[in-house]
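Here's a quick tour of a two-chain model. Have a look at it first, then read on.

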Amino acid sequence: MHIPDGFLSTSVWATMSAATVPSVAYMVRRAQREVEEARVPLLGVMGAFVFAAQMINFPVGIGTTGHLIGSAVLAYTLGPAAASVVMTAILAIQALVFQDGGLLALGANVFNMAVAGVLAAYLPYHYWGAGRWRKAAIFSGAALSVLTGALLALAQLRFSGVAMPGAVVWVSLGLFTVNALLEGGITLAVMQSLEALNPGWLRKPAASGRTAMGVLLTAAVLLVGAGVLFAASDPDGIEKLAENLGIASHARTLLETPLGGYEIQYLSSGWLRKATAGLAGLALIYGACVVFGKLIARRRSA
Amino acid sequence: MHHVVLDRWSRGRSFLHHRDARAKVLALLAFLIIVATTPPGSNAAAAGYGAFLLAAALLAGLPAGGVLWRGAVVLPFSAAFAAMSLFAGDNIRAIALLEKSYLSALAVVIVVGTTPMPELLRGLESLGVPRFLLLVVQFLYRYLFVISEQAQHMRVAAGARGTASTLAVFRRWRLRAAAGAISVLFARSYSRAEGIYRAMAARGFRGHISLLAAKRFRWQDVAFLVASVVVPAAVRIALGAGGGWPR
Amino acid sequence: MAPLIEVKDLRFRYPDGTPALNGIDFRLYLGETVALLGANGSGKTTFVLHLNGILQGEGLVSVCGMQLSKETLPDIRRKVGLVFQEADEQLFMPTVLDDVTFGLLNLGISPEEAATQGREALARVGMEGAGGKAPYHLSAGEKRRVALAGVLVMRPEILILDEPTTYLDPPGQRNLLELLRELPQAKIVVTHSTTLALAVSQRAVFFQKGKIAGEGVTEEIIQRFQWDARQPCRGIHGG
């Protein structure tokens, strides 16, 4: 689900962007270390491949078809960091050229699909991709990536105050689950077919052995997704809980945003405050970008 | 294909086409933020933004109908959520969702439709977006059409053999066939990437892709940037809900 | 006269062990054009990829008196210009001018100078004013010309063209032929088109299963290996 502009409240898109920029910067740095610049064409072409692969329909049931989303396939073939960069590039092109997803919302969309989605896809593969649970790992990774992205998007919309009756939330959850299972099935079929053509295309998963860590991380991803959704759909419940624990004030600032918390006192006007918060958020992101870039440059030249 | 149209528009000539990509990107962000922070119920302000965008599209010599149509891609999504807000009794927000998402999409269409992708990417690079990411975007954009065309051919070929009928019931081999098609597409993309790498190596590639110099920021760019921030902001203050000042 | 390119006993195996070249000896002299003929998979393309070090097998490859090695590689790549079969893979940059100047920028030439030389090269192949275009807006023939410009701009001594006429309509093929004839460089042309081979080359080399099965005057080679799409009339009932 690509969130367009105009849906997210300033605090939500600004926060998500602030979270996404360093994540993407980190992924770019890792990918750059793993992939030399000579291989950049491969990443771009693989992005184009995912675009094109989405045009191929899979039979789902009577009269309906689905299509690949692709973050899991990218993660299993290029590795998580490069896959994350490629997904970011795809989302950027979709927002700029196809009006699929907004530009201010790009931070949120990238976080949902290119950061959390790719990591969720890769975790099970990383830990169980080598052993006898391989098929299950591929399937569940792909399913998890779709589910994580969708849950996060739903939560962000709820946090922004977009009205969704309870029934709609449940129906969407059902649809997401179907989509997730579908992505799992398609990804598994594609990966088996790829392996038959050339096993060298698949990334070798880490030797299993750290199962406990894998369970923990995968569970954490799911819990965070579900927890965020719960918090968003029932903020009162969370606040009551927080009040009972005596941390209401902390929880509120945490749940809102780092910027929403900073009241700019001398600006009594609500919208000016919001706009300033937005601009400040952007400036912050920009600053973070530049500083990050400088740090990377220094590290590389050192 | 969709992006070919935008690409053709972007190679036109007009005051807007000639502006520095950085100025356009910054103006776009400012506009999006102004729209995003406009309180719901500011229909007059929305009309003002719309007029501003329309003026920009005309100034750029873009076909107004085409721009309006392309931006409308977001409307089905927005309409679904607007309907939910409507059911929840919040018709002010319902309208705001439609207005804001549509105006934002139009603004993106106008900027991307007046800035060739290479210039846009170069602008983003000098604004600090990581070069590595932009190179991936650049190659993605370059091969998007090539590989989509390949997929299209494969789909036509599959259709000619009767496997693309969506009415047939689910059969396991058809899932396999589709997965096989994707693998073949993957294989071709992979070998294409190898071919590109060879072509780069043959012309002395040594690990760094150099680009021709970016344009210079001129006074017209500054004037454009100031105008495109001040006008929507003025609209926001003059016409926003409650006279622009908070309720 | 010393040959521009000299290859002695070149052997190459693909990483999976399949032998691709099996002892190739080859010479190219100043001013000549040689056609490489042979079936698909006979090793023609693999062979030319060795001539500027994209693939490296066993045996000796020397270009303009320099033996191919890590040290001479940059110089050799400058001397040998390679135009690939897939123009879409050759034109990987976002605009035509970006693409044509790619090699120059790799040599460390300043962007302004590279742009000037790039425009000159485009004019040379009849594509002046196309610098700002995106490669996918070009026709097959235009792509081929731009690809050639991107190689010519490096001022190579030797041009290697892999199937230069594929995807071109007959007028496009004719234009390309004329363009090739005007270029002074020594050329190696890999092709299935006997028309092209006869039109541009004096000498032909015939590849078979990774070896050179014969070489000589182009016309004779085509006859000797019956390398023509038109079969002499044998009658439809055999005998």
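## Ground rules

This is a predicted model, so to speak of local features takes pLDDT of at least 70 and side-chain atom pairs count only at pLDDT 80 or more, while totals for chains, interfaces and linings use all residues. Residues are numbered from 1 along each chain as its sequence is written, and chains are lettered from A and ligands numbered from 1 in the order in which they are written.

## Chain A on its own

Chain A has 12 helices and two strands; these are DSSP runs numbered from the N terminus, with helices being H or I of at least four residues and strands E of at least two. Going from the N terminus, the order is α-α-β-β-α-α-α-α-α-α-α-α-α-α.

Of the 302 residues in chain A, 51% are buried. Buried means 20 or more other C-beta atoms within 10 Å of a residue's own, exposed means 12 or fewer, and partly exposed is in between, with C-beta atoms placed from the backbone.

## Where A meets B

The contact draws 74 residues from chain A and 81 residues from chain B. Two residues count as in contact if their C-beta atoms, placed from the backbone, lie within 7 Å. On the chain A side, α2(A) gives the most, with 13 residues.

## Helix α4 of chain B

In α4(B), residues 64–71, the buried ones are B:Val67, B:Arg70 and B:Gly71. Down the helix axis they fall within an arc of 95 degrees, so they line one face; the arc is taken from the directions from the axis to the C-beta atoms. They pack against α3 (43–59) and α6 (91–112) of chain B. B:Gly65 and B:Trp69 are exposed on the other side of α4(B).
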